[in-house]
Amino acid sequence: MSKTPIAAPRTEGRIFDTDWSVANIAKLLRSNAGRGVWRHSPATGGSTASVNQYYLRTVSARHLPSGASLIFMRLEQENCWYLSLCFAAADGYLPWNLETAELWLCALFGEDRPRVREAADANQNARQFTLAMAE
């Protein structure tokens with residue numbers, strides 16, 4: 001199975017500097033995430049792997065001013081919105097920044113922020129969050 005990607009210092013997506021705000025990047029990522037879905041499939045290649053790779057590039061970002069590297073997408077199998085977030089510098093991970101993380105969570109999930117759940121089996125450097133999609 002192809003594993004759900006986890007944010008890292010090196011992103012598959014675009015790198016944004018001070019000319020992009022958290023709110024603007026969140027709007028872009030939400031729009032891009034809504035146009036596709038991450039599909040779990042055998043990791044042996046094929047069309048699903050290439051579609052997933054393209055989707056990953058459009059829903060990933062690194063924001064230099066906030067130090068955040070993130071992936072925001074829809075997960076098909078789990079029927080949820082997914083966020084993987086970490087803080088990183090050019091040479092590796094930075095400590096978790098609670099205030100900036102909350103800024104990103106609110107920007108991406110908006111009024112649904114109270115319903116967002118953090119994954120219990122979190123990676124030590126990146127944290128994962130999900131929001132079940134309304135039926």
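Rings of Phe, Tyr and Trp, the last represented by its six-membered ring, are taken to pair if their centres lie within 6.5 Å. In the structure examined here, which is a predicted model, a search of the whole structure on this basis finds 5 aromatic pairs. One aromatic cluster is formed by Phe72, Trp81 and Phe109.

Salt bridges were then considered across the whole structure, and the search finds 5 of them. Side chains of opposite charge can pair when their charged atoms come close. In one of these salt bridges, glutamate 102 is joined to arginine 113, with the closest N and O atoms 2.9 Å apart. Because glutamate 102 belongs to helix H3 (residues 98–109) whereas arginine 113 is located in the loop between H3 and strand E6 (117–118), the pair ties together parts that are 11 residues apart in sequence. Glutamate 102 itself is partly exposed, its relative accessibility being 30%.

A further salt bridge brings together the side chains of glutamate 12 and arginine 10, with an N to O distance of 3.5 Å. In this pair glutamate 12 counts as partly exposed, at 35% relative accessibility, while arginine 10 is exposed, with a relative accessible area of 65%. The side chains of glutamate 118 and arginine 127 likewise meet in a salt bridge, at 3.9 Å from N to O. Here glutamate 118 has a relative accessible area of 41% and is partly exposed, and arginine 127, at 29% relative accessibility, also counts as partly exposed.

Arginine 62, which lies in strand E2 (residues 60–63), is buried and yet has no salt bridge. The nearest side chain of opposite charge is that of aspartate 91, at a distance of 7.4 Å, whereas a salt bridge requires a side-chain nitrogen of Lys or Arg within 4 Å of a carboxyl oxygen of Asp or Glu. When residues up to four places away in sequence are not counted, arginine 62 touches a set of residues including Pro9, Thr11, Ile15 and Phe16, together with Ala88, Ala89 and Ala90; another arginine, Arg14, is also among the residues touched.

With regard to the backbone, most residues other than glycine have a negative phi. Asparagine 79, although it is not a glycine, has a positive phi of about 55 degrees. Asparagine 79 is found in the loop between strand E3 (68–75) and strand E4 (80–89), where this residue is partly exposed, with a relative accessible area of 34%.

Methods. Residues numbered from 1 in each chain as written. Predicted model: local features only at pLDDT ≥ 70, side-chain atom pairs only at ≥ 80, totals over all residues. Heavy atoms only, no water. Phe/Tyr/Trp six-rings, centres within 6.5 Å; stacked < 30°, edge-to-face > 60°. Helix = DSSP H or I, 4+ residues; strand = E, 2+ residues; numbered from the N terminus. Buried < 20%, exposed > 50% of the residue type's maximum accessible area, 1.4 Å probe, protein only. Lys, Arg positive; Asp, Glu negative; His and termini not counted. Contact = heavy atoms within 4.5 Å.
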